[in-house]
Amino acid sequence: MRVVVSAGGTGGHIYPALAIIDKIKEKEPNSEFLYIGTHNRMEKDIVPERGIPFKSIEMYGFNKKNLFKNFKTLKCVFKGFSDCKKMIKEFNPDIVIGVGGYVTVPVIVSAKKLGYKTFIHEQNSIPGKANKYLAKYTDKIGVSFASSMEYLPKEKVTLTGNPCGEMALKAKAVTKTELGLSSNKKLILVACGSLGSASVNKVMLDSMDKFKNKNYEVLYVTGKSIYEQVKDKDFPNNVKVIPFYEGLSRVIKRTDLMITRAGASTLSEIISLEVPSILIPSPYVANNHQYINALDLIDNDAALMIEEKNLSSDTLIKTIDSVIDDSVKLRVIKNNLKKLKVDDSASIIYDELKELVK
């Protein structure tokens, strides 16, 4: 299969795209790929490191505060369409896939106008602006949450889940001794993305004295941007602090309770690995989509939630203590996560792609 893939801006788009590529490679080892991304975002480094052919276009989001900057944005959009048409024609794919981010707009629209089959995937409960716009230009749409269907053309939509969940299931679990932790104590993992969250980190630091003498251990992943500010502080013996962990799903597999934001990829791993969690949705994202993502779990009694406006060291510790030693509550949450699982998400997406290619 010859495949053009586009996704950009954040790991929440890029890693599901890579999971789809990995599944196609698994099913059809001789497949060829072209990844089209933005020239200045994460994908420009991550994708070539995987040995995947990468081409970029210059793209920016529209600036609501400085309208004059949008003249450059519009110029880049027109050039982006022209460049994408040329790239796609030269590669001549069997199918073109968009997995989120504004870079996918010229890729999918150009492919559709050239007569190629197209597929897009939406990770969040509320579709982003790019995917809402692209819904009319694509042949099929995969969604991670059933609640997304009300925003998209139902005749095109398939509930596929998020392919990052399938990747998490395949990951080899880390041992607690590798992390410098005790093998006989429960583990609470606190992680809010590669850069971390300033507000969650503040509450965590305020909570340190309250973690003393607890019968569990805490692995506190601060995020790269904040670690230098906190690494020399005095932490309790049962709290281990690190800046980042590559392949966090290996740690999530050993986790008894996770405290995290409600990004789509993280939730897909929580669901697939059936890990109880306390979700703190970021209120700083478009359409408050992390809160809506979290509700998909909360409404099914498959997680707990603290809104950031209600977050304090007291509410955090109280919520942790209300669940970590309650075996009945933990079992109920795990059982409800099992009901939400789509174990073979990448395989479902592959089957959809094959059907389109036929």
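This is a predicted model: local features need pLDDT of at least 70, side-chain atom pairs count only at pLDDT 80 or more; totals for chains, interfaces and linings use all residues.
Modeller: Residues are numbered from 1 along each chain as its sequence is written, and side-chain values use heavy atoms, with hydrogens and water left out.

Colleague: Why is α6 called oblique to α10?

Modeller: The axes of α6 (residues 163–170) and α10 (residues 264–273) cross at roughly 50° and come within 8 Å. Angles under 35 degrees count as roughly parallel, over 145 as roughly antiparallel, 65 to 115 as roughly perpendicular and the rest as oblique. The pair therefore counts as oblique.

Colleague: Which residues of α6 make the contact with α10?

Modeller: Cys 164, Gly 165, Glu 166, Ala 168 and Leu 169 do, where contact means heavy atoms within 4.5 Å.

Colleague: What makes Asn 92 count as buried, partly exposed or exposed?

Modeller: Its relative accessibility is 44%. Buried means under 20% relative accessible area, exposed over 50%, and partly exposed in between (1.4 Å probe, protein chains only). Asn 92 is therefore partly exposed. Asn 92 lies in the loop between α3 (69–91) and β4 (95–98), and its phi is near 55°, a positive value in a residue other than glycine.

Colleague: How do you know whether Asn 287 is buried, partly exposed or exposed?

Modeller: The value for Asn 287 is 45%, so Asn 287 also counts as partly exposed. Asn 287 sits in the loop between β12 (277–279) and α11 (289–298).

Methods: Axes are lines fitted to C-alpha atoms, for helices over the stretch in contact, and angles run from 0 to 180 degrees between N-to-C directions. Helices (H or I, at least four residues) and strands (E, at least two) are DSSP runs, numbered from the N terminus.
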